[in-house]
Amino acid sequence: MCFFNTAKIKGRRDGVIISTLILPTQNGTKMTKQERYDRAYLRMAVEWAKLSHCNRKQVGALIVKDRMIISDGYNGTPTGFENACEDDDGLTKWYVLHAEANAILKVAGSTHSCSGATLYLTHSPCRDCAKLIHQAGIKRLVFIQQYKDDSGLLFLEKAGVDIIQMTSVTNSA
């Protein structure tokens with residue numbers, strides 16, 4: 001049986017308040033059901049990221065509402081374009097879509113709504129995607145790695161989105 005410390009640390013990283021779940025421990029505290037789901041969805045986002053044809057960074061996203069996956073996405077070129085994300089110099093092409101943008105756009109073309117949903121990301125969002133996340137009505141963000149620019153997280157914090165970083169997504173210590 002796996003045991004986890006479920007305490008949350010409220011702290012600031014580069015001015016952003018982030019709730020970070022403490023890594024697994026052997027102290028006898030059971031992981032909550034929500035933490036188990038969060039870790040499982042993040043593992044799925046990691047697998048989804050592997051579908052990306054981008055060489056520089058592979059990012060995966062899942063949108064979950066009422067414990068149902070309503071959308072998924074990974075970074076890549078728009079439908080109908082070649083799959084290569086980088087040009088001959090290794091720079092990302094300007095029209096490459098981010099994973100969270102792809103996932104939100106999929107929902108927009110469906111009968112679902114992102115309102116009140118949770119977004120699971122392998123990397124924290126950039127500032128442009130943060131605007132999409134807020135406007136889509138997503139209320140909770142769970143991610144693994146922080147993006148180099150934290151302005152997206154600052155924006156989402158100001159917008160009242162619950163932000164959680166989980167640096168480990170395994171269920172064992």
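Trainee: Why is Arg67 called exposed?

Mentor: Exposed means over 50% relative accessible area, buried under 20% and partly exposed in between (1.4 Å probe, protein chains only). Arg67 has 55% relative accessibility, so it counts as exposed. Bear in mind that this is a predicted model, where local features need pLDDT of at least 70, side-chain atom pairs count only at pLDDT 80 or more, and totals for chains, interfaces and linings use all residues. Residues are numbered from 1 along each chain as its sequence is written, and side-chain values use heavy atoms, with hydrogens and water left out.

Trainee: What makes the phi of Asp66 stand out?

Mentor: Asp66 isn't a glycine, yet its phi is positive, about 55 degrees. Most residues other than glycine have a negative phi. Arg67 has a positive phi too, about 60 degrees.

Trainee: What makes Arg140 and Asp38 a salt bridge?

Mentor: The rule asks for a side-chain nitrogen of Lys or Arg within 4 Å of a carboxyl oxygen of Asp or Glu. Here N to O is 2.6 Å, so the pair qualifies as a salt bridge. Arg140 sits in strand S6 (residues 140-145) and Asp38 in helix H1 (residues 33-49), 102 residues apart. Helices (H or I, at least four residues) and strands (E, at least two) are DSSP runs, numbered from the N terminus.

Trainee: Is Asp38 buried or exposed?

Mentor: Asp38 has 2% relative accessibility, so it counts as buried. Arg140, at 15%, is buried as well.

Trainee: Which residues are linked in a network of salt bridges?

Mentor: Asp38, Arg140 and Asp162.
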